[in-house]
Amino acid sequence: MINSSVFSYVDVLSKTADAAWKRNEIIGNNISNVDTPEYKRQDIDFESQLRQALGNSRYETVDAKVAHLSGTELEARVYTDSANFSYRLDGNNVDIDTEGVTLAANQIKYNGLIDSIKQEFANLKMVIK
């Protein structure tokens with residue numbers, strides 16, 4: 001069998017879409033807890049890990065970088081954002097307006113990722129024909 005990295009981009013797009021989906025869940029949780037005293041907003045860090053994984057060697061093509069990524073390098077990490085910061089008296093640091101904007105931006109990103117995955121499969125389908 002020929003060693004191929006045909007699905008490398010699909011794998012990376014899929015992991016990125018999974019992280020965006022998880023971010024939607026986290027933002028929804030933040031919005032649910034907007035009135036919970038002492039609640040600290042959470043977020044997910046995926047983009048910096050992807051940037052780091054793809055930026056390891058400047059002498060490789062993007063295709064080569066994507067082909068060499070392993071699943072363990074691209075694990076989304078949930079963190080508490082500004083845990084020691086609160087501008088409210090109840091200790092909560094969730095701003096409903098910021099969460100709404102972040103949710104809308106993340107949904108646009110997720111939809112774009114899904115479209116990109118569909119396009120990759122359309123390209124593979126065209127090559128197979």
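Tutor: Helices and strands here are DSSP runs, numbered from the N terminus. The model is predicted. With that numbering, Asn33 sits in the loop between helix 1 and strand 1 (42-45).

Student: Is Asn33 buried or exposed?

Tutor: Buried means under 20% relative accessible area. Asn33 has 16% relative accessibility, so Asn33 counts as buried. Leaving aside residues up to four places away in sequence, Asn33 touches Tyr39 and Asn92.

Student: Which residues make up the largest nonpolar core?

Tutor: In soluble globular proteins, nonpolar side chains tend to be buried together. In this model the largest nonpolar core has 7 residues: Val12, Ala19, Phe46, Leu50, Ala53, Val66 and Leu74. Helix 1 (8-32) and helix 2 (47-54) each supply at least two residues of this core. Another core, of 5 residues, lies apart from it and includes Ala17, Ala20, Leu113 and Ile117.

Student: Which residues of helix 2 are buried?

Tutor: Gln49, Leu50 and Ala53 are the buried residues of helix 2. Seen down the helix axis, the buried residues of helix 2 fall within an arc of 100°, so they line one face of the helix. Arg51 and Gln52, on the other side of helix 2, are exposed.

Student: What covers the buried residues of helix 2?

Tutor: The cover includes helix 1, strand 1 and strand 2 (77-80).

Key: Residues numbered from 1 in each chain as written. Predicted model: local features only at pLDDT ≥ 70, side-chain atom pairs only at ≥ 80, totals over all residues. Heavy atoms only, no water. Core = buried A, V, L, I, M, F, W, Y, C linked by side-chain atoms within 4.5 Å. Buried < 20%, exposed > 50% of the residue type's maximum accessible area, 1.4 Å probe, protein only. Helix = DSSP H or I, 4+ residues; strand = E, 2+ residues; numbered from the N terminus. Contact = heavy atoms within 4.5 Å. Arc of directions from axis to C-beta.
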